[in-house]
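The structure is shown below, followed by notes grouped by topic.

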Amino acid sequence: MKELLRTYKHADVQQTSAYCIPIIVNGTARGRLRPITAEVIHNSDEIRKLTEWRSSSSSWFTTQFPSSEEGTRRWLEHQVLGADDRILFFVEDEEQAPVGQVGLLNYNETAKSCEFDNLLRGRKGAFGNIMMHALIALGEWSIEVLGVESACIHVLGDNYRAMRIYKGLGAVESERVPLLKVEEAGGIRWVPASLPLTEAPERELVTMTITREAFRQIMSDAFHKR
């Protein structure tokens with residue numbers, strides 16, 4: 001299956017459409033997930049979008065630093081395209097315009113597990129809930145194509161909106177780790193705090209887990225409520 005991830009990520013521009021995942025809402029295509037490939041590294045407009053989205057959402061990451069387009073290129077080349085267990089998608093609207101991103105990493109073929117990651121809305125699309133449905137589309141693909149049985153999501157505890165979305169898809173909180181802010185030259189890192197704590201932590205990192213069965217049940221219940 002890791003070979004499959006490589007195939008998606010290294011498709012050329014003529015092949016990319018064949019590897020897109022449709023975002024279907026009530027039987028209607030509202031957009032698609034387009035795999036980020038090596039072609040994107042040379043696309044200045046798309047690199048700029050990814051950089052701007054990361055910068056505007058930096059407060060929701062445990063590592064915060066000034067974003068640059070060159071840094072984005074290096075990250076894509078080495079940490080996304082160069083990683084066998086990871087894939088990242090553009091979320092595109094009905095006109096195939098990028099409006100956000102979502103991906104997965106730490107895919108384990110043996111355990112049939114992964115981590116969902118980098119759910120970022122860059123701008124509002126024509127369809128208001130496209131990011132939630134993008135995550136649903138990725139979840140369905142990870143089950144049907146990769147055979148994933150369980151997944152986790154790491155989210156900062158004060159990111160209430162994201163946590164509501166994940167809970168709505170069947171994810172449950174499984175761990176909460178207190179964080180300590182470390183200021184470094186050029187950035188900030190939120191790192192696990194030493195225990196026992198002497199005062200309430202400024203922030204916490206929450207791990208949420210979701211199983212194939214829970215996700216399927218949520219999707220089934222939603223379908224029957226239509």
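The lining of the largest pocket comprises 20 nonpolar, 12 polar and seven charged residues. The model is a predicted one, and this pocket holds about 1,200 Å³ of space. Its lining counts 39 residues, of which W60, F61, D117, N118 and L120 are the closest to the pocket centre.

**Elements of the pocket lining**

- Two or more lining residues come from each of α3 (44-56), α4 (69-80), β5 (98-108), β6 (113-121), α5 (130-144), β7 (150-156) and α6 (160-168).
- The greatest contribution to the lining is that of β6, which supplies seven residues.

- Q64 lies in strand β3, which spans residues 63-64.
- Because buried means under 20% relative accessible area, Q64 counts as buried at 15%.
- Beyond its neighbours within four places in sequence, Q64 contacts S58, S59, G186, G187, I188, W190 and R203.
- The Q64 side chain comes to 3.2 Å from the backbone oxygen of F61.
- Between Q64 and Y19 there are 32 Å from C-alpha to C-alpha, with a separation of 45 residues in sequence.

- T16 is located in the loop that lies between α1 (2-9) and β1 (21-25).
- With a relative accessibility of 10%, T16 is classed as buried.
- When residues up to four places away in sequence are excluded, the contacts of T16 are A11, R34, P35 and T37.

How values were computed:
Residues are numbered from 1 along each chain as its sequence is written. This is a predicted model: local features need pLDDT of at least 70, side-chain atom pairs count only at pLDDT 80 or more; totals for chains, interfaces and linings use all residues. Side-chain values use heavy atoms; hydrogens and water are left out. Helices (H or I, at least four residues) and strands (E, at least two) are DSSP runs, numbered from the N terminus. Buried means under 20% relative accessible area, exposed over 50%, partly exposed in between (1.4 Å probe, protein chains only). Contact means heavy atoms within 4.5 Å. On a 1 Å grid over the protein atoms alone, a cavity is a set of points where a 1.4 Å probe fits but cannot get out, and a pocket is an open set with protein on both sides within 12 Å along at least five of seven lines; lining residues have an atom within 4 Å of a point. Grid points are joined across faces, edges and corners, and a volume is the space filled by probe spheres set on the points. Ala, Val, Leu, Ile, Met, Phe, Trp, Tyr, Cys and Pro count as nonpolar, Asp, Glu, Lys and Arg as charged, and the others, Gly among them, as polar. A polar contact is a pair of N or O atoms within 3.5 Å; within protein, one must be able to donate a hydrogen and the other to accept it, and residues adjacent in sequence count only if both atoms are side-chain atoms.
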